[in-house]
Amino acid sequence: MSVKRKASAVIIAGLLFGLVIGAALGVMWWRLAPRVEVVVESGQLVDFQTKGFLASDISYGALAIVAGLLVTIGLARMRREHLISVLVAAVLSGLVGSIAMWWVGHYLGRVDIAGLAGTETGVVEGPLVLHMGAMVLVWPIIAAVVVTVLAFEDWLGGLKGK
């Protein structure tokens, strides 16, 4: 049995899914992403290892790809007959979800290096930072790609039916 849904319902569902899933993925990113090791001496940043920069960005991107695929497919199942509303909902969901994911991960992964003034010399895990800001656009781009593939599939199905 097919259920007809309004475009606004799909967009609202997309925004809610994006916010909730983005916050949950922010926690996952915080827990899973490798950190940069920072050498601190008397509360001052002395040296850091750059190996973790790319790894934390890649882990963010991998989570965003999975979220973009799954959320967009779910939204398309809600309203497949009108892909424009699915596209709008999926891209908005991706933007909201990516920003929520970044903010939660960044907030949970912060480190107050100046607050380590009482320590002498030591190596600590650095803050969780997204160094490639364009990674925030991975989720919305994947969402647009999924909707494009669905539209192409519908177009090919229409050609076969003629």
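Leaving aside neighbours within four places in sequence, L130 is in contact (heavy atoms within 4.5 Å) with W29, D57, Y60, W102, M135 and V136. The structure is a predicted model, in which local features need pLDDT of at least 70, side-chain atom pairs count only at pLDDT 80 or more, and totals for chains, interfaces and linings use all residues. Residues are numbered from 1 along each chain as its sequence is written, and side-chain values use heavy atoms, with hydrogens and water left out.

L130 is also among the residues with the most contacts inside the largest nonpolar core, together with L25, W29, Y60, L75, V86 and W139. This core has 29 residues; a nonpolar core is a set of buried Ala, Val, Leu, Ile, Met, Phe, Trp, Tyr and Cys residues joined through side-chain atoms within 4.5 Å. Two or more residues each come from α1, α2, α3 (83-108) and α4 (138-161), and α2 gives the most, with 8 residues. Helices are DSSP runs (H or I, at least four residues), numbered from the N terminus.

Aromatic pairs (ring centres of Phe, Tyr or Trp, the last by its six-membered ring, within 6.5 Å) number 3. The rings of W29 and Y60 form an edge-to-face pair (planes over 60 degrees apart), because their planes stand at 75 degrees, with the centres 5.0 Å apart. This pair links distant parts of the chain, as W29 lies in helix α1 (residues 7-32) and Y60 in helix α2 (residues 51-78), 31 residues apart.

Conventions. Phe/Tyr/Trp six-rings, centres within 6.5 Å; stacked < 30°, edge-to-face > 60°. Buried < 20%, exposed > 50% of the residue type's maximum accessible area, 1.4 Å probe, protein only.
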